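Open the model in your viewer and keep the sequence panel beside it. The tour moves from one selection to the next.

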Amino acid sequence: MRPDAPEVTADALADRPGSWPVLGSEQVWQSDWIVALREDRVHRPDHPDDAHTRVVLEHPGAVVVLAVDDQERVACLRQYRHAGPGWFVELPAGVLDSDEPPLETAQRELREEVELAATDWRPLATLRPSVGITAETQHVFLAQGLSHADRGDFELHAEEADMEVFWAPVEDMVEAVLDGRLTTSALVTAVLAYDALRRRDRA
């Protein structure tokens with residue numbers, strides 16, 4: 001990077017929505033579960049001769065919950081992920097339902113996955129895990145004021161049926177992230193964002 005590159009002002013530090021011109025789209029593959037693959041042919045604005053193909057992994061979006069109790073412990077899961085592959089420490093999370101606001105999805109997932117409810121909710125971060133390939137947006141929430149909540153008639157299945165649920169101190173999680181022992185992107189972001197808020201007396 002050139003040393004004379006401009007320095008932007010604080011209010012300019014933001015992503016910009018928008019799209020290059022799309023010449024055509026084709027649905028390449030549709031899952032019966034969540035995702036689909038779409039192939040677009042796009043070009044740079046004012047350069048129609050510079051067209052190229054991009055594949056987009058369509059995804060409805062998801063929520064992630066960093067649930068912190070009065071002892072500064074985080075509610076965690078260890079779950080098998082076939083694409084990993086491996087058993088990963090994660091946070092309660094789930095895919096957005098089409099008609100459900102993200103906060104309601106987060107509250108439901110916290111109850112269903114770890115049998116917790118929270119009185120205090122706030123947005124912690126918004127993630128776009130891999131904007132070069134997927135349209136997925138992850139809404140990360142901080143949940144505090146925790147109490148037990150029965151999951152009712154919801155039944156865990158597949159990987160969820162074998163997941164381990166446990167508490168971990170925030171400080172231990174920060175160290176595990178910095179050491180590279182915890183690697184899932186939503187967890188890493190949530191833990192470091194919460195630690196940054198604490199250091200600024202904003203948690």
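Start with the largest pocket. Select E4, strand E5 (73-81), strand E6 (86-90), E7, H1 and H3: each supplies at least two residues of its lining. Helices (H or I, at least four residues) and strands (E, at least two) are DSSP runs, numbered from the N terminus. This is a predicted model, where local features need pLDDT of at least 70, side-chain atom pairs count only at pLDDT 80 or more, and totals for chains, interfaces and linings use all residues. Residues are numbered from 1 along each chain as its sequence is written, and side-chain values use heavy atoms, with hydrogens and water left out.

**Inside the largest pocket**

Now show Trp 33, His 59, Arg 81, Glu 90 and Val 95. Of the 40 lining residues, these lie nearest the centre of the largest pocket. A pocket is found on a 1 Å grid over the protein atoms alone: it is an open set of points where a 1.4 Å probe fits, with protein on both sides within 12 Å along at least five of seven lines, and lining residues have an atom within 4 Å of a point. The volume of the largest pocket is about 1400 Å³. That volume is the space filled by probe spheres set on the points, with grid points joined across faces, edges and corners.

Colour the lining by class. It has 19 nonpolar, eleven polar and ten charged residues. Ala, Val, Leu, Ile, Met, Phe, Trp, Tyr, Cys and Pro count as nonpolar, Asp, Glu, Lys and Arg as charged, and the others, Gly among them, as polar.

**Zoom in on Glu 90**

Stay with Glu 90, which is found in strand E6. Is Glu 90 buried or exposed? Glu 90 counts as buried because its relative accessibility is 12%. Buried means under 20% relative accessible area, exposed over 50%, and partly exposed in between (1.4 Å probe, protein chains only). Show what Glu 90 touches: Cys 76, Leu 77, Gln 79, Arg 81, Thr 184 and Leu 187, not counting residues up to four places away in sequence. Contact means heavy atoms within 4.5 Å.

**Loops and a tail segment**

The peptide bond from Gly 84 to Pro 85 is cis, with omega near -20 degrees.

Next, select Glu 72, in the loop between E4 and E5. Its phi is near 60 degrees, a positive value in a residue other than glycine. Glu 72 counts as partly exposed because its relative accessibility is 26%.

Then jump to Asp 201, in the segment after H3. Asp 201 also has a positive phi, about 55 degrees, although it is not a glycine. With a relative accessible area of 73%, Asp 201 is exposed.

**The four-stranded sheet**

Select the open sheet whose four strands run in the order E7-E4-E9-E8, with mixed pairing. Two strands pair if DSSP finds at least two bridges between them. At the edges are strand E7 (93-95) and strand E8 (116-127), each pairing on one side only. From one strand to the next, the twist averages 25 degrees. Axes are lines fitted to C-alpha atoms, for helices over the stretch in contact, and angles run from 0 to 180 degrees between N-to-C directions.

Follow E8 and strand E9 (residues 138-148): they run antiparallel and are joined by ten bridges. Which residue of E9 is the bridge partner of Pro 123? It is Phe 141. Thr 126 stands opposite His 139 in E9. Now turn to E4 and E9, which pair in the parallel sense over six bridges. Here Ala 62 has Gln 138 as its bridge partner in E9.

Helix H1 (residues 102-114) lies across strand E4 (62-67), E7, E8 and E9, at about 125 degrees to E8. Helix H3 (residues 185-199) lies across E4, E8 and E9, at about 100 degrees to E8.

Seven bridges join E1 to E2, and Ser 25 stands opposite Asp 40 in E2.

Finish at the second largest pocket, with a volume of about 630 Å³. Among its 20 lining residues, Gly 18, Ser 19, Trp 20, Val 56 and Val 131 are the closest to its centre. Strand E3 (51-58) gives the most to this lining, with four residues.
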